[in-house]
Amino acid sequence: MADQPRRPRTLNDARTEAEAAFKRATAKVAQAPAKQAAVPGVREQVTLRIDQDVLEWFQEGGPGWQDRINEALRKAAGIGLRPAK
């Protein structure tokens, strides 16, 4: 795509650009909502990719394999274990 020839600036273009720059400089920045503290015992669904052999090892123990993965992650992170349900 060939470059279009640049049109000469007019007073109106400069004024419009100045007004836009002023609005950008004086506009209030929207703040992200405050992150709420995690509630104990509440779980969040996520997608996590785990090597197949690791997944199979946890699943060999039968039902509760997700809880066992969670416990192993807590131990690795140095976070205290929660009481069993």
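Biologist: Is Trp-57 buried or exposed?

Modeller: This is a predicted model. Exposed means over 50% relative accessible area. Trp-57 has 58% relative accessibility, so Trp-57 counts as exposed.

Biologist: And Phe-58, buried or exposed?

Modeller: The cut-off for buried is under 20% relative accessible area. Phe-58 comes out at 12% relative accessibility, so Phe-58 counts as buried.

Biologist: How many aromatic pairs does a search of the whole structure find, and which residues form a pair?

Modeller: The search of the whole structure gives one aromatic pair. The ring centres lie 4.9 Å apart, and the planes make an angle of 90°. Planes over 60 degrees apart count as edge-to-face. That edge-to-face pair is Trp-57 and Phe-58.

Biologist: Which helix holds Phe-58?

Modeller: The protein chain has three helices and zero strands. From the N terminus on, its elements run α-α-α. Residues 52-59 form the helix that contains Phe-58, namely H2.

Biologist: Which residues does Phe-58 touch, not counting those up to four places away in sequence?

Modeller: Arg-68 sits ten residues from Phe-58 along the chain, with 7.0 Å between the C-alpha atoms. Contact requires heavy atoms within 4.5 Å. With residues up to four places away in sequence left out, Phe-58 touches Trp-65, Arg-68, Ile-69 and Ala-72.

Biologist: What percentage of the residues in the protein chain is buried?

Modeller: The protein chain exposes about 8,900 Å², and carbon and sulfur atoms supply 55% of that area. Phe-58 is one of the buried residues. Of the 85 residues in the protein chain, the buried share is 4%.

Terms used. Residues numbered from 1 in each chain as written. Predicted model: local features only at pLDDT ≥ 70, side-chain atom pairs only at ≥ 80, totals over all residues. Heavy atoms only, no water. Helix = DSSP H or I, 4+ residues; strand = E, 2+ residues; numbered from the N terminus. Buried < 20%, exposed > 50% of the residue type's maximum accessible area, 1.4 Å probe, protein only. Phe/Tyr/Trp six-rings, centres within 6.5 Å; stacked < 30°, edge-to-face > 60°. Areas by Shrake-Rupley, 256 points an atom, 1.4 Å probe, with all protein chains shown as cover.
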